[in-house]
Amino acid sequence: MLRLALILSCLGLPVAACGVETDCSVGDRSYRIYLPQSDQPAGALFFAHGYRGSANGAMRNTAFLRLADDLGMAFVALDAGADDWNLANRPAEPNQAETREYGYVAAVIDDVSGRMNLDRDQLILTGFSAGGMFVWNIACGMGEDFAGFIPYSGTFWFAPPDTCPTPASNVVHIHGTEDRTVPLGGRPIGPTRQGDVPATLAMYADHGGFEPMGRVSAPGGMECDERENNDGRILDFCTFAGGHSFTIERLRYGVDRILATR
C-alpha cells in the first residue's frame, strides 16, 4: 500500500480519492470536498459545522453545492473530529489559552491545493454557530491565509483577545437579533461563556483600522453596518430580525461582498 501511494505521488496523482461522500485525510483529521467543473484556477468556500455536526452533514445540504456551482468555487467541509472545535476557552477545557486548529486548517488548504488548481487568493472561510466561533479564531490567527471570513451566529469563547497576531482581513459577521442560542451579548455555558459580539467587532475594527461607512439593507432581511479601512478591506456587521437560523441567501451576500474587494 505504501509503495502504491509513493508511485501515485510520483505520477502527480492523488494518493486517495475523496469527495462529497468520502473523507479526505489530513493526519488524524479529515474533511470533504466538492470540486468545481473547471480546469481553470478556482477559489474555495470553506465551511465549519456547528456543535456535534460533521463534514458529512454539511455535504448533505445540497444548497451548499449549488452555491459552489454558481460561484465556480470548490466547497470544502471541515470536520472537528469531535463534538466541538478545539478553541481557546471552550467549555470542555475552559482554561485552555490557545486555539489548536491552525495546523489543521493549513493542512487542509495544502491538501486541497494538491487536488485542484486552487486560487489561493480566493479562499473564504465561513461557519455557523460553533463553526462561527471557529471562524473568528481563524480570522484572528490566520488572517493572511484567506480572502475573507463570514462568521455566522458565533463569536469567541469567553471574550475576544486584546488584538490579533495576523493582519486584518475582510470580515462579514451575520447574526440574528433575537438569537437565544448565541445571543449578541453572550451567555454562560458551563464553566465558560460565549463572548460579546459587539466587543469582538470593536476589537477587530481597532485592529484593522476600520471606519464606519454607513448602513445598508441586504438580502435575507438584513441590515448591515459597513466599515472599511485604508487597505480597502471591509468589516460588515449584518443583522436580521430572527433567531439562531441560517440561510444560503445571507451567506451568498457575504461571499459577494468579500469577492468584490479582490
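This is a predicted model: local features need pLDDT of at least 70, side-chain atom pairs count only at pLDDT 80 or more; totals for chains, interfaces and linings use all residues.
**Disulfides**

A disulfide is a covalent bond between the sulfur atoms of two cysteines. The structure holds three disulfides, and when the bonded cysteines are numbered in sequence order, the pairing reads 1-2, 3-4, 5-6. The sulfur-to-sulfur distances are set out in the table.

| Disulfide | S to S distance |
|---|---|
| Cys18 and Cys24 | 1.9 Å |
| Cys140 and Cys164 | 2.1 Å |
| Cys224 and Cys238 | 2.1 Å |

In the pair Cys18 and Cys24, the torsion about the S-S bond is about 90 degrees, so this disulfide is right-handed. Cys24 has a relative accessibility of 0% and therefore counts as buried.

The link of Cys140 and Cys164 is left-handed, with -110 degrees about the S-S bond. This pair connects distant parts of the chain, since Cys140 belongs to helix α5 (residues 130–141), while Cys164 sits in the loop between β6 (148–152) and β7 (170–176), 24 residues apart. Cys140 is buried because its relative accessible area is 5%, and Cys164, with a relative accessible area of 8%, is buried as well.

For Cys224 and Cys238, the torsion about the S-S bond is about 115 degrees, so the disulfide is right-handed. Cys224 lies in strand β11 (residues 222–228) and Cys238 in strand β12 (residues 234–240), so the bond ties together parts that are 14 residues apart in sequence. Cys224 has a relative accessible area of 0% and is therefore buried; Cys238 is likewise buried, with a relative accessible area of 0%.

**Pockets**

Rolling a probe the size of a water molecule over the atoms shows where empty space is left. The largest pocket has a volume of about 260 Å³, and its lining is made up of 16 residues, of which Tyr51, Asp84, Pro91, Trp157 and Ile189 lie nearest the centre. Sorted by class, the lining of the largest pocket comprises nine nonpolar, three polar and four charged residues.

The second largest pocket has a volume of about 230 Å³. It is lined by 14 residues, and those closest to its centre are Ala88, Ala97, Thr99, Asn137 and Pro161. The lining of the second largest pocket divides by class into nine nonpolar residues, four polar residues and one charged residue.

Methods:
Residues are numbered from 1 along each chain as its sequence is written. Side-chain values use heavy atoms; hydrogens and water are left out. On a 1 Å grid over the protein atoms alone, a cavity is a set of points where a 1.4 Å probe fits but cannot get out, and a pocket is an open set with protein on both sides within 12 Å along at least five of seven lines; lining residues have an atom within 4 Å of a point. Grid points are joined across faces, edges and corners, and a volume is the space filled by probe spheres set on the points. Ala, Val, Leu, Ile, Met, Phe, Trp, Tyr, Cys and Pro count as nonpolar, Asp, Glu, Lys and Arg as charged, and the others, Gly among them, as polar. A disulfide is a pair of cysteine sulfur atoms within 2.5 Å. Buried means under 20% relative accessible area, exposed over 50%, partly exposed in between (1.4 Å probe, protein chains only). Helices (H or I, at least four residues) and strands (E, at least two) are DSSP runs, numbered from the N terminus.
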